[in-house]
Amino acid sequence: EEVVRTEAERRKEPYPNKEEGEDDDDDDDDEEEEECGLYMAQSSIPNSGLGMYSNTNITEGSTLFYDDIVIAGYDLYVNRKLHRLKYGVDLEDDDDDDSGQPAWVMDSYAWSGEYSNGNYDADYTDAIIPGTGMLANSFLGLVNALKRRAETDDAGLSRRTGSPGAGAFSHHHGNRFVAGDSIVEGQEIFVDYGTSWFEAREEIMGPIPFDEEYDMADMLLRKFFELERANVDHDDDDDGTPLSPDVLGGLWELIREDLLDDRVRLRLALPRNLEGARRAHRTGSAAHSVPGMMRAPRWLRENGACLDNMRPGSSNIPHAGRGAFATRRLKGGRVVTSAPMMHMHRDSLRMYKRDESGTGGGNDKGESIRYTGDQLLLNYCYGHPNSSVLLFPYAPAVNFVNGAPEGTQPNAFLRWSDMSYHRSEWLDMSAGEVLTKDHTGLILEFVASRDIQEGEEILIDYGDGWRDEWDRHSEGWNVSDDDRNYVSASMLNNADAPVLTAREQKDEP
């Protein structure tokens, strides 16, 4: 509560760090801000929350804005179940909204591990892609952004003997989406979740048309209106009367409701009435289903949040790996970016190993299950050390924002958003109540605390607790034999020599 009150007071001032008596730069106030190219705003798909819109034209095959990070989640489901077995506390609500158990919201956002190149790192790997991969929605008939695999890159910290920061951040980078078709200014960005994603949620969402249904719907529309034109041409030759709108409307209803009664997905891809069918024939059945997929620049400015004020790059902070850098000059008080926050229980990121040898003295109460560490995802979450709630931000480049090192003043701060999509009432709930929510609802803003120049690294205050822990880790960091012998996967992938087996290495070390 103290943090919320402090930020509420700070947001009343355009320059939170401004010295008393310092004059505003009136000339800068008159300068027109550079147009934002990427926005977060309400999705055109009904009941789908927030989405992403391009405010610039993107040619087919071009990369959408900036590369993103991929954070691997290792055996997340199994580890949550092991936690339950060990402590008797469930971290899974099993889709029961009234269970009172924490929800695992990430299940609806994670991609298959193959997209991180880490699908063999565990029995099951989730690829968490917090930019376009989590924020963009999917409409299978209008997919315009295609996923490309991430690259493996340790940001120059592949040698564990050289930095206490090695292993502290994901080495899956360079994830990108490319335009599958030309994307025009104001168009919503749609990625491909895959048919299995929708099939798994059909009980909740109902049946959703797939690509093939929209293709079939377009074919039926074409044939139907070819029939109408043929009838008009024939009656003109014979001085007859063309089919009336009532007859055509009845024929369309017969086709949609009766002849396609057992083709539910196809029926849903077709408009309900003749007037809608005419519009869908002009625009395509998929585009007709989401008429708001095109937004005017003014609407985006008034209802959205800019997402392209930052780009990833190599951090200027030693051992930090990557950072986020301003893509344009940002005036003090301006929102640098906004990020929805995914809530999760802190214990859901704990990792365990079960003794299956029969010699560990374990029993059904969980004594054979031992805690081995935490998921790497923990390093990207925000939270209080005494709270069970963790908040994971997802938006382009937001996970690259570093904390200002000792002796350096941050140039940005955090505050709760005033966007209508931010559920401010959640701030008055208990931690347990928030954790049961099966959808995201909180949004944080990163706000410039002073003028930030183009190319300057964005830095916030991680807090004294984090700095103390980093100092303790750095001072106590020692190089083990395993560290000296460690060779990263990226180095092996780049090596010209073949990878030798253990037996081969005895003869050829």
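**Charges, burial and distances**

Reply: Being four residues apart in helix 12 (residues 297–303), Arg-298 and Glu-302 are separated by about one helical turn. Helices (H or I, at least four residues) and strands (E, at least two) are DSSP runs, numbered from the N terminus. This is a predicted model: local features need pLDDT of at least 70, side-chain atom pairs count only at pLDDT 80 or more, and totals for chains, interfaces and linings use all residues. Residues are numbered from 1 along each chain as its sequence is written, and side-chain values use heavy atoms, with hydrogens and water left out.

Me: What do Arg-298 and Glu-302 form, and how far apart are the closest N and O atoms?

Reply: First the rule: a salt bridge is a side-chain nitrogen of Lys or Arg within 4 Å of a carboxyl oxygen of Asp or Glu. Arg-298 and Glu-302 form one, with their closest N and O atoms 2.9 Å apart.

Me: Are Arg-298 and Glu-302 buried or exposed?

Reply: Buried means under 20% relative accessible area, exposed over 50%, and partly exposed in between (1.4 Å probe, protein chains only). The areas come from the Shrake-Rupley method. Both Arg-298 and Glu-302 are exposed.

Me: Which residue meets Asp-308 in a salt bridge?

Reply: Arg-328 does, at 3.0 Å, N to O. Asp-308 lies in the loop between strand 9 (305–306) and strand 10 (310–314), and Arg-328 in the loop between strand 11 (322–326) and strand 12 (335–345), so the pair ties together parts that are 20 residues apart in sequence. Both Asp-308 and Arg-328 are buried.

Me: How many salt bridges does the rule give?

Reply: The count comes to 15. One of them joins the side chains of Asp-107 and Arg-201 (3.9 Å, N to O). Asp-107 sits in the loop between helix 3 (76–87) and strand 4 (111–112), and Arg-201 in the loop between helix 5 (195–200) and helix 6 (202–205), so this pair ties together parts that are 94 residues apart in sequence. Asp-107 counts as exposed, at 52% relative accessibility. Arg-201 counts as buried, at 14%. There is also a network of salt bridges, linking Asp-461, Asp-464 and Arg-467.

Me: Which side chain makes a polar contact with that of Arg-350?

Reply: A polar contact is a pair of N or O atoms within 3.5 Å; within protein, one must be able to donate a hydrogen and the other to accept it, and residues adjacent in sequence count only if both atoms are side-chain atoms. Here the partner is the side chain of Tyr-352, at 2.9 Å.

Me: Which residues form the negative surface patch?

Reply: Patches are made of residues with over 30% relative accessible area and no salt bridge: like charges are joined within 9 Å, nonpolar side chains (Val, Leu, Ile, Met, Phe, Trp, Tyr) within 5 Å. The place of a charge is taken as NZ of Lys, CZ of Arg, CG of Asp or CD of Glu. The negative patch consists of Asp-192, Asp-211, Glu-212 and Asp-215. Asp-211 lies in helix 7 (residues 211–237) and counts as partly exposed, at 39% relative accessibility.

Terms used. Areas by Shrake-Rupley, 256 points an atom, 1.4 Å probe, with all protein chains shown as cover. Lys, Arg positive; Asp, Glu negative; His and termini not counted.
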